[in-house]
Amino acid sequence: MFDFPIQQSSVWTSLYCLFFYLIILLRYGIKSPYSVPLTARRKSWALFIMAFFLVTHCMKGDFFHMMHYVYDYSQDHDSNFGEKVYSYIGLFVNKNYFLFRTVVWGGAFALFCYTAKRLNISVYYAALFLLLTHSVIFAYARATAAMAVYFLGLSFLCKPLNRRWLSYAVAIALILMSMAFHKSAVIMVVMTIMIFFPIRKWS
């Protein structure tokens with residue numbers, strides 16, 4: 001099965017993906033004499049390239065740490081992943097690191113886009129903001145998955161469904177589930193109570 005034996009020195013893979021994303025942005029996303037209408041199909045292509053960039057990003061240490069754990073995974077030493085869920089994912093993809101990153105980081109990006117859509121935020125411009133400000137951190141830290149799950153859950157609190165009890169149940173389940181992807185998510189979970197306090201001048 002296809003996999004990518006990326007070495008630590010070959011960071012140009014990520015820059016190459018970024019280059020093509022910016023080409024699409026200049027061609028279809030910015031109003032200029034050379035631009036054309038940004039159709040849904042072109043938006044989808046831009047988001048696909050963005051997701052591919054995040055999956056193949058290899059400019060930070062966690063990329064190579066996790067690659068080593070996936071390739072050398074053993075059920076006798078599965079604590080190296082930190083969180084048990086990554087052991088299960090590694091087994092599910094049969095130690096294929098490309099598929100592993102597609103599930104974890106590609107899934108996190110999909111949740112990010114879905115959360116933006118739920119909150120009536122332009123998915124295209126939200127992805128562009130992510131690329132310009134947080135893409136490096138987003139693409140290498142496994143805490144990304146925890147944050148993506150957490151903020152999706154939070155969106156069900158901020159913008160509940162018609163059946164509020166169902167929305168709150170989903171929110172609580174997702175917020176608690178985020179801790180399975182990174183232990184640091186417990187800080188966000190504890191601070192969630194703050195959203196129920198109104199913002200006043202001195203609060």
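## The contact of α8 with α9

In this predicted model, helix α8 meets helix α9 through Val149, Tyr150, Leu152, Gly153, Leu154, Phe156 and Leu157, and the residues on the α9 side are Ser167, Tyr168, Val170, Ala171, Leu174, Ile175 and Met177. By residue class, the contact of α8 with α9 holds 12 nonpolar residues, 2 polar ones and no charged ones.

The axes of α8 and α9 lie 8 Å apart, and the two helices pack at an angle of about 160°. Helix α8 is therefore roughly antiparallel to α9, since angles over 145 degrees count as such. The crossing of α8 past α9 is left-handed.

## The chain as a whole

The secondary structure of the protein chain consists of 10 helices and 0 strands. Read from the N terminus, the order of elements is α-α-α-α-α-α-α-α-α-α. The protein chain has 203 residues, and 41% of them are buried. Among contacts in the protein chain with a separation of 6 or more, 69% join residues 24 or more positions apart.

## Nonpolar cores

The largest nonpolar core has 28 residues, of which Met66, Tyr86, Ile89, Tyr97, Phe100, Val104 and Phe181 touch the most other members. At least two residues of this core come from each of α3 (61–71), α4 (84–92), α5 (97–118), α8 (143–158), α9 (164–177) and α10 (185–191). Helix α8 supplies the largest share of this core, with 8 residues.

Val104 is in contact with Tyr86, Ile89 and Ala145, when neighbours within four places in sequence are left aside.

## Single residues

Which residues does Arg118 touch, not counting those up to four places away in sequence? They are Leu152, Ser155, Phe156, Lys159, Pro160 and Leu161. Arg118 itself is found in helix α5. With a relative accessible area of 10%, Arg118 counts as buried, because the cut-off for that class is under 20%. Of the residues touched by Arg118, Leu152 and Phe156 are also part of the α8 contact with α9.

Thr144 lies in helix α8. Thr144 has a relative accessible area of 1% and is therefore buried. Beyond residues up to four places away in sequence, Thr144 touches Trp105, Ala108, Ile137 and Phe138.

Leu47 belongs to helix α2, which covers residues 40–56. With neighbours within four places in sequence left aside, Leu47 is in contact with Phe109, Val123, Tyr124 and Ala127.

Two of the pairs mentioned here are listed below with their separations.

| Pair | Separation in sequence | C-alpha to C-alpha distance |
|---|---|---|
| Leu47 and Val123 | 76 residues | 8.7 Å |
| Thr144 and Ala108 | 36 residues | 6.6 Å |

## Helix α8 in summary

Terms used. Residues are numbered from 1 along each chain as its sequence is written. This is a predicted model: local features need pLDDT of at least 70, side-chain atom pairs count only at pLDDT 80 or more; totals for chains, interfaces and linings use all residues. Side-chain values use heavy atoms; hydrogens and water are left out. A nonpolar core is a set of buried Ala, Val, Leu, Ile, Met, Phe, Trp, Tyr and Cys residues joined through side-chain atoms within 4.5 Å. Buried means under 20% relative accessible area, exposed over 50%, partly exposed in between (1.4 Å probe, protein chains only). Helices (H or I, at least four residues) and strands (E, at least two) are DSSP runs, numbered from the N terminus. Contact means heavy atoms within 4.5 Å. Axes are lines fitted to C-alpha atoms, for helices over the stretch in contact, and angles run from 0 to 180 degrees between N-to-C directions. Angles under 35 degrees count as roughly parallel, over 145 as roughly antiparallel, 65 to 115 as roughly perpendicular and the rest as oblique. A crossing is left-handed if the near helix is turned anticlockwise from the far one by less than a right angle, and right-handed if clockwise. Ala, Val, Leu, Ile, Met, Phe, Trp, Tyr, Cys and Pro count as nonpolar, Asp, Glu, Lys and Arg as charged, and the others, Gly among them, as polar.
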